[in-house]
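These are my notebook entries on a structure that I looked up for a reader new to it. I begin with the packing of helices and then turn to other features.

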Amino acid sequence: MTTPFSSVHLPLTFPMAEKPVLKIGFIPLLDCIPLVIAKELAFFAEAGLDVSLSREASWASIRDKVQFGLLDAAQMPAGIVLASGMGLGASQPMVTAIGLGQNGNAITASNPLYNALNPQNLSMNSESAATALKSYLKTSDSELTIASVHTYSTHHFLLRDWLNHYNIDPENKIRQIVVPPPQMVDAMERGMIDLFCAGEPWNSIAQIHQVGHKLLSGHQIWENAPDKVLGVTKEWHNHHPYTHQRLISAILKACLWLDDERNKRLGFQLLHDSHYMDIDLGNINLMLGKHRFSPPSATFPWLSQASWFTRHIRNLHQLPDTETSAGNTYLTGVYRKVAELMKLNTPSADAKAEGIHSESWVINGTQEPIEMPPDMRFR
Amino acid sequence: MKIHVSVLVIDEDASRATLLEQALIDQGYQVLARIDSTDQLAEHVEQLKPDMIIIDLESPDRDVLENMALLNQHSPRPVVMFAEKGDQTTIEKAIRSGVSAYVVDGLEAHRIRAILDVATARFREFQTLKQELSDARSELEDRKVVEKAKGLIMKHNNCSEDHAFKAMRKMAMDQQKPMYEIARNIISVLELMS
């Protein structure tokens with residue numbers, strides 16, 4: 001039995017927020033929804049916080065504004081936060097204590113490339129798509145241009161994971177670039193990129209505009225893969241520990257609310273009708289990205305997932321492959337503290353086995369066993 | 001004296017970019033190019049090899065520059081990354097004004113500061129200009145509304161212009177509302193009646 005949603009509250013005895021008026025940054029992607037729900041359903045207000053959500057144009061802008069205090073917190077790819085803890089890509093370390101969901105990514109191929117890779121339009125898996133790409137690269141004279149949205153984004157790492165796993169050298173006959181999501185479909189239409197990996201709604205938009213075709217969904221590379229987190233600077237966290245906890249409680253409540261297919265549909269509809277997205281979502285099937293927000297499996301800052309990101313970051317920079325703990329960046333203790341106050345179940349361990357479960361499985365929890373979704377790699 | 005720092009200005013707002021370019025040239029900097037479309041941005045940067053890039057903080061293309069900075073040590077890196085302590089205020093001011101910058105390794109701190117100051121000042125000046133323009137526009141709109149209301153009163157009450165204006169001013173004072181608001185109310189009421 002999971003805790004009924006209506007009985008989830010932050011206790012009245014909880015210490016006051018050091019800073020009750022907050023500005024939180026987000027990028028208009030479908031996975032900004034936990035923040036939008038926390039705001040629109042007044043879960044932030046319930047936690048005693050007056051939050052305004054600020055739509056941002058790039059991850060670089062989010063980083064700068066969080067680092068210089070123009071934003072208190074923001075939605076960020078886990079990789080950006082973890083890299084900052086390794087002294088990369090930011091001037092001061094950032095931390096996170098809550099994940100903002102799983103899935104929502106896909107790899108889209110341009111029409112010409114898709115037709116070459118999958119002329120009969122059969123359903124593909126990560127192996128058949130890789131085999132097709134390999135033989136295409138062997139016979140083709142030209143270089144393929146592959147785009148992702150940020151060097152440290154989950155998409156970039158999923159893409160590299162997939163290529164590496166099937167022994168496709170990402171440096172040979174492949175040029176990897178970064179293209180901002182709003183320009184992705186246009187860049188593909190003009191023949192500047194052949195393949196991209198991005199979050200929804202961009203894969204759906206490419207398909208609807210008949211510019212490209214989805215080659216693989218993110219889950220075919222890593223089922224229920226983690227993606228964005230709520231990032232703050234370590235300094236901000238140290239100065240506002242209770243504000244941070246209240247913030248997490250509101251977002252946890254939003255994720256609990258979204259852990260219900262009907263609510264999720266309603267939530268996406270709200271996002272569709274609201275001013276948060278500056279994109280025409282038209283007839284896009286918003287459920288296609290298979291986003292998952294269920295606490296604690298999709299929200300706990302699993303150290304075992306952090307090490308997947310840090311391994312990729314080290315590889316990118318050709319740093320020695322020493323296992324460093326992400327415990328200073330992924331604040332599992334803070335998550336546990338908030339969940340305990342809200343009487344929510346948490347996993348007994350900070351890390352779990354990754355990439356070996358093709359079916360749902362069960363892990364020990366502090367209150368009761370937790371049902372975990374599949375986490376299989378390369379399907 | 002020519003200062004050998006080459007700057008690339010990237011801004012979709014062409015008029016702001018022109019303002020900034022002129023100011024940099026006046027200060028003796030070499031402006032390599034001014035780009036208002038960000039097509040093939042990475043190629044441009046690779047070709048031009050600027051010492052410093054000034055780009056709108058809100059440009060989505062910044063992640064393209066980030067990628068170059070992270071993966072190629074010769075590419076300009078975000079200034080927020082390696083500013084000495086004394087420069088934090090300069091950088092913060094720049095960020096608050098919507099300026100972001102990328103600089104190559106080895107560029108002296110005082111040069112970076114000087115260019116950032118120029119850019120910050122121009123972005124602010126441009127913001128003020130835009131604000132003044134929009135204020136002027138709405139002032140003009142307000143005046144038009146007042147004129148229209150006055151005309152309607154004159155027609156409806158068959159009175160002089162002076163009389164109509166005085167009537168409106170009295171209403172504004174009685175109700176403690178600005179003239180244009182009174183004018184708008186009058187227009188909606190009188191148009192409904194006619």
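**Entry 1**

I take axes as lines fitted to C-alpha atoms, for helices over the stretch in contact, with angles from 0 to 180 degrees between N-to-C directions. Angles under 35 degrees count as roughly parallel, over 145 as roughly antiparallel, 65 to 115 as roughly perpendicular and the rest as oblique. Helices (H or I, at least four residues) and strands (E, at least two) are DSSP runs, numbered from the N terminus.

I noted that helix 4 of chain B passes helix 5 of chain B in a left-handed crossing. A crossing is left-handed if the near helix is turned anticlockwise from the far one by less than a right angle, and right-handed if clockwise. Helix 4 of chain B contributes B:T90, B:I91, B:K93 and B:A94 to the contact, and helix 5 of chain B contributes B:R113, B:L116, B:D117, B:A119 and B:T120. Two residues are in contact if their C-beta atoms, placed from the backbone, lie within 7 Å. By class, I recorded four nonpolar, two polar and three charged residues in the contact of helix 4 of chain B with helix 5 of chain B. Ala, Val, Leu, Ile, Met, Phe, Trp, Tyr, Cys and Pro count as nonpolar, Asp, Glu, Lys and Arg as charged, and the others, Gly among them, as polar.

**Entry 2: Basis of the entries**

I note that this is a predicted model, in which local features need pLDDT of at least 70 and side-chain atom pairs count only at pLDDT 80 or more, while totals for chains, interfaces and linings use all residues. Residues are numbered from 1 along each chain as its sequence is written, and chains are lettered from A and ligands numbered from 1 in the order in which they are written.

**Entry 3: Helix 5 and helix 7 of chain B**

I then followed helix 5 (residues 109–157) of chain B to helix 7 (residues 179–193) of chain B; these two pack at about 45°, with axes 8 Å apart. Helix 5 of chain B is therefore oblique to helix 7 of chain B. Their crossing is left-handed. Among the residues that meet are B:V145, B:A149 and B:L152 in helix 5 of chain B and B:Y180, B:A183 and B:I187 in helix 7 of chain B. The residues of this contact divide into eleven nonpolar, one polar and three charged.

The end C-alpha atoms of residues 126–187 of chain B lie 36 Å apart, and the span is 90% helix and 0% strand.

**Entry 4: The sheet of chain B**

In what order do the five strands of the open sheet of chain B stand? I found the order 2-1-3-5-4, with mixed pairing. Two strands pair if DSSP finds at least two bridges between them. Strand 2 (30–35) and strand 4 (77–78) of chain B are at the edges with a single partner strand each, so one side of each is left without a neighbour in the sheet.

Strand 3 (residues 52–56) and strand 5 (residues 99–103) of chain B run antiparallel and are joined by five bridges. B:I55 has B:S100 in strand 5 of chain B as its bridge partner. Helix 5 of chain B packs on the sheet and touches strand 1, strand 3 and strand 5 of chain B, its direction making about 155° with that of strand 5 of chain B. Helix 1 (residues 14–26) of chain B lies across strand 1 (6–10), strand 2 and strand 3 of chain B, at about 175° to strand 2 of chain B.

**Entry 5: Where the chains meet**

I recorded 19 residues from chain B and 19 residues from chain A in the contact. On the side of chain B that touches chain A, the largest share, seven residues, comes from helix 3 of chain B. The residues of that side divide into ten nonpolar, three polar and six charged.

**Entry 6: Peptide bonds of chain A**

I noted a cis peptide bond between A:E200 and A:P201, with omega about 15°. A:P201 is in the loop between strand 8 (195–199) and helix 9 (202–208) of chain A.
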